[in-house]
Amino acid sequence: MPEYEPKILAFLCNWCSYAGADLAGVSRFQYPPNVRIVRVMCSGRISPRFVLKSFQEGADGVLIAGCHPGDCHYSKGNYYTRRRLTVLGKLLEHVGVDPRRFKVKWISASEGGKFADVIKEMTENVKGLGPQRSFKRVDDDE
Amino acid sequence: MTEEEFIKFTINGVEVQGKPGEMLIDVAQRNGFYIPKLCNHVALKPYSACRLCIVEMAKGGRSKFTASCSFPISEGIEVNTESEGVLKLRKMTLEALMAQAPDSKEIRDMAKYYGITDTRFKENEDKENRCILCGLCIRVCNERMGVYALGFSGRGASRRLDTPFGRLSDVCITCGACESVCPTDAIKLGKISKNEPKPITSEFDLGLKERSVIYTPFPQAMPLIYLIDKERCIHFAKGTCKICQKSCEKGSIDFEQEDKKLKLDAGAIIVAPGYEFVSPDTRPELSYDRLSNVITAMEFERILNASGPFGGHIKRLSNFKEPKSMAFIQCVGSRDRNKGVRYCSSACCMYSIKEAIIAKEHSPDLNISIFHMDIRAFGKEFDSYYKSAKDMGIKFVRCRVAEIQGDEYQNPIVHFTDENDEPKKEAFDMVVLSNGFARPKDADKLAGVLDIKLNKYGFCETSAFSPLQSTRLGIFAGGVFTEPKDIPDSVAGASGAAAKASVLIPPDMRMIGREKEEIIETDVSEEEPRIGVFICHCGINIGATVNVPSVAEYARTLPNVVYAEDNLYTCSYDTQRIIKEKIKEHDLNRVVVAACSPRTHEPLFQSTISEAALNPYLFEMANIRDQCSWVHQREPERATEKAKDLVRMIVAKSNLLTPLTRESLAVTPTCLVIGGGISGLTASKDVADSGFKVFLVERKKELGGNLNLVSCLLEGENPQNFLKRLVKEVREHDKIEVLTEAILENIQGYVGNFTTTFTHAGESKNLEHGTIIVATGSNPYDPSEYLYGKHKGVITQLELEKMLENKKFKTDSVVMIQCVGSRDENHEYCSRICCTQAVKNALRIKEKNPDAEIYVLFKDMRTYGFREDYYAKASDEGVKFILYNDEHKPKVKDEEGLVVEVVDPILKNILKIKPDKVVLSIGMEPRKENTDLAKMLKVPISKDGFFLEAHMKLRPLDFATDGIFLCGAAHSPKFVNECISQASGAAARACTILSKSEISAEGIVSQVDEELCFGCGICVLNCPYNAVELEEETQKAKVVSALCKGCGVCGATCPKHAIVMCHFTDQQVKAQIDAFVEEVQ
């Protein structure tokens, strides 16, 4: 049987983290191919609903990454992200989603190495946890 | 021709028409009826030998079979191309042909079309003779070439293709037409001709690949139009052939075209003729002409390229096998006093490292050694790149290569003297010679025509203070023509030359150009999505890891994808044309490109689909290069799977894309220049000279920045007079407002409309401006190592310069230590200027006291470009250059006088020097204030702390954020002349915006669904741009589009989902999430 490979969905802001992911590519930093990226203009765009839906549909991990506090291309979008998603993180933990499955990271356009490291670490962690089962749609459960 | 003159008849019951004299097969093909053929050729007379084109024809109740290639059409005939009888005969013929020529792909494909896979006839066993006697070769030789080198001999079963008297032909001109028309590969020039065929090779691929006489110079040529090589065209040589003219359906071949002399009126001239490579034959001992496995770096560049001779695979030229080891030899023809050129070509170290890294990525087991004198990685983040090469296992050998010999298998053996001064030799499978840059061959002629002076190296003469100005007013120079340089410096200088040229041209005369035609957008709102997907190989960048054709195959299975294809380069000019054609052909109303990053390429594709009348927002990109193939190089299968997932997700989103409109915004035609050093001053003056108002803000009281500290440049000029003049010109300029002792507090707004708040003398003020140029410079490093500050004999180069200004200053012995505050644990970068500074000051000391003992302790001497001359001069004058490395850093001790200890690189013992002075060559550091300024500007900072531009190579002066530009040492440390060309370049970039009365804003803004909105006002509170207001009357939210920047914070907060972030709507993102969990079927 092939090794279990988790599916991780990452929402990245266009200006910092998406650019950081591009830089990881330009620098040829290798990381596991478990992550799929959704580009949004600002991490502030990421509604908690997107995260919940991702887990519901079967994501094993969700990563949100945006500009470092103070660096937001839109002045303060990432402050909203921080508040909103901290609360969401707590909520997820409360309902039994391991906090290692949900990460909010600040990755700048020059941090290609950090992007690769975050993906490596998260893939390792989620792999150790196994498939995410606790938060699937009720009607999906067999 | 009138309607009556056409001949009307039917094919398979469909009425068609043709002109009198036309052959039936031609009319049938024109009308889309497939008739197979082998002996028929558009440029040759009908021959009816192969009988494949047979059709059944009826007239007046009688029918017969006839070859359609030689049957002239007539009125009222009824033709059947697929009747039972026709098919039976045709299949029989095909089987017979298959038996005679079993390897012919053309025949097999035709047979397959008719469902035939095997032949019932006995297969021809004579592998040497696959001729089917179609006579194409004979006819092309006779009819088109007029050579008559071929004919048939014998009759019946012994009939065969032959040359007169069965001898090798001496009249054959080895044009190869016979080979090219033969459907069975039965004819070989070598078997018919006495003459040696001369292959025509591509100049672009440096002779490594063949090309045709009619060709495009390279795949991305602009415009992508074929040209005829007049020197080699048979028609131009003998008046015959003209096959191309017959073949071109559009009638585009015009043999009468002549070169034209054009006269253009110009207000200014920019000369950018580029360079040539120094011939590797300047070093005959390196055996370039003797050993096929010794190649030049440019040849290797072509070999590495996906469109190069081996599709991007590395092969030896002797046996086309993959090499297991290779070496790069640096400085071939550069830094060479006897042969080649004396100067350093500046770019070869980095291009060699790049080629080595790409080769290593392609073949991880490849052993690579780079033989060099110094590694000159002086550019921005070059040292990190150099380090990454070392980390990959690429070996760097500091030595001089004496010669390359070859063994019997063409394997090169490199003979060199190693760091311990011992002769060594090492064999490699392949050697790349990194040859340097030479001036263009016709530089003298060009200089004569332009009446400009060339310098002693034969390059365009410029000065340190006017690096873009030739010796003749109105003529500017760019690129390598002024000095060898790499891409970012060339790009920056070219923009600078454009700025200088545009200053000379009155504003109303600047915008002469072709008007863009107005395109009316197709309304797709009522249509079902019809998505076209274009998937890029990006040469080998994607294609080597991801199985691109299989991704295209997969894309075709996705909902609403009606078309998908893969391209070698989707961004090429040619592919843009293809995308537009496919949009028309397949009525596409959404386009997806799976390639590199939308951050760099989205605008290009958006403009392409706009030209095909689609709204630019009906476009999306999947990033399968930067975020897939490049980061999963060792897992091709999973990378392919990921690429498919990314395509599926983005296609899912594309289904829901809607057209958006871009609003026009007014531009405030003023520029804010931050920083009053040499870069800021130059940029201010150039923008102001172009006719736009400038605010120049400087933190300090004085203008001039670090240049105030410099009393002498390398070439001996004193920069202070120049600086004083420039400061005066700026201060007195009626378009420049100089604001010194001004502290920036806040920068708001966006391209065309910025508002900056600053404080001056305790007062807060606002400025309105359309663009920003960041020219904040850098700081000299403040050292604490090597007893600096503890012993007064230890000084910095800047302090030494001050002392040297004193006429009486004299010193007998000096040790200079390089890379203090550069290339160390805290500074991963090279400060670029310190090596030259050390050489300059060493020469100045020698000038005062020729007997002075000077030691320069260095890691790599990076006196690139023409600076190399001064390094050589210093060596000649007895300055001693001693190499050290990080393991054995020099030690400075105070033992009743200064003592410097350094490990002798050859003898390996410790060398003790007792100098008067120890001079530290301190590096440049990014300003601490950069962090705050970057936050205000919302622009990124590099890992080294300098500002980070949009693209290191291609957009060195732009930030990713529109309207903000960068120049000077704030970008990375650099020389005065480099700061000046960059500053002029940044000025030109700013003027591209300032010269427009309005610009179009992003179409990605939010919209309110008034039905759903219940006026809670959360979006109003959250919007960082005050772009959402609550309308008094309705108590519903309303978005002011011009203010909205499209972050989408509102969309994420609205409790009623009433505010929609266009292009990133809830539905669109959710579609991506849904698609994410699906599996590749």
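Tutor: A crossing of helices is called left-handed if the near helix is turned anticlockwise from the far one by less than a right angle, and right-handed if clockwise. The model before us is predicted: local features require pLDDT of at least 70 and side-chain atom pairs pLDDT 80 or more, while totals for chains, interfaces and linings use all residues. Residues are numbered from 1 along each chain as its sequence is written, chains are lettered from A and ligands numbered from 1 in the order written, and side-chain values use heavy atoms, without hydrogens and water.

Student: What is the hand of the crossing of α18(B) and α28(B)?

Tutor: That crossing is right-handed. Helices here are DSSP runs of H or I with at least four residues, and strands are E runs of at least two, numbered from the N terminus. Helix α18 (residues 636-654) and helix α28 (residues 1066-1077), both of chain B, cross at roughly 145°, and their axes come within 8 Å. Axes are lines fitted to C-alpha atoms over the stretch in contact, with angles from 0 to 180 degrees between N-to-C directions.

Student: Which residues of α18(B) and α28(B) make the contact?

Tutor: Contact means heavy atoms within 4.5 Å. From α18(B) come B:R648, B:M649, B:I650, B:A652 and B:K653, and from α28(B) come B:Q1068, B:A1071, B:Q1072, B:A1075 and B:F1076. By class, this contact has 6 nonpolar, 2 polar and 2 charged residues (Ala, Val, Leu, Ile, Met, Phe, Trp, Tyr, Cys and Pro are nonpolar, Asp, Glu, Lys and Arg charged, and the others, Gly among them, polar).

Student: Is the crossing of α13(B) and α25(B) left-handed or right-handed?

Tutor: α13(B) passes α25(B) in a left-handed crossing. Helix α13 (residues 487-504) packs against helix α25 (residues 976-994) at about 65°, the axes being 7 Å apart. The residues of this contact divide into 3 nonpolar, 7 polar and 4 charged.

Student: How many residues does each chain give to the contact of chain A with chain B?

Tutor: Chain A gives 54 residues and chain B gives 57 residues. Between them the chains bury about 4,900 Å², with 56% of it on carbon and sulfur atoms; buried area is the accessible area (1.4 Å probe) lost on putting two parts together, summed over both.

Student: How many salt bridges are counted between chain A and chain B?

Tutor: The count is 8, a salt bridge being a side-chain nitrogen of Lys or Arg within 4 Å of a carboxyl oxygen of Asp or Glu. In one salt bridge, the side chains of A:R36 and B:D645 meet at 2.7 Å, N to O.
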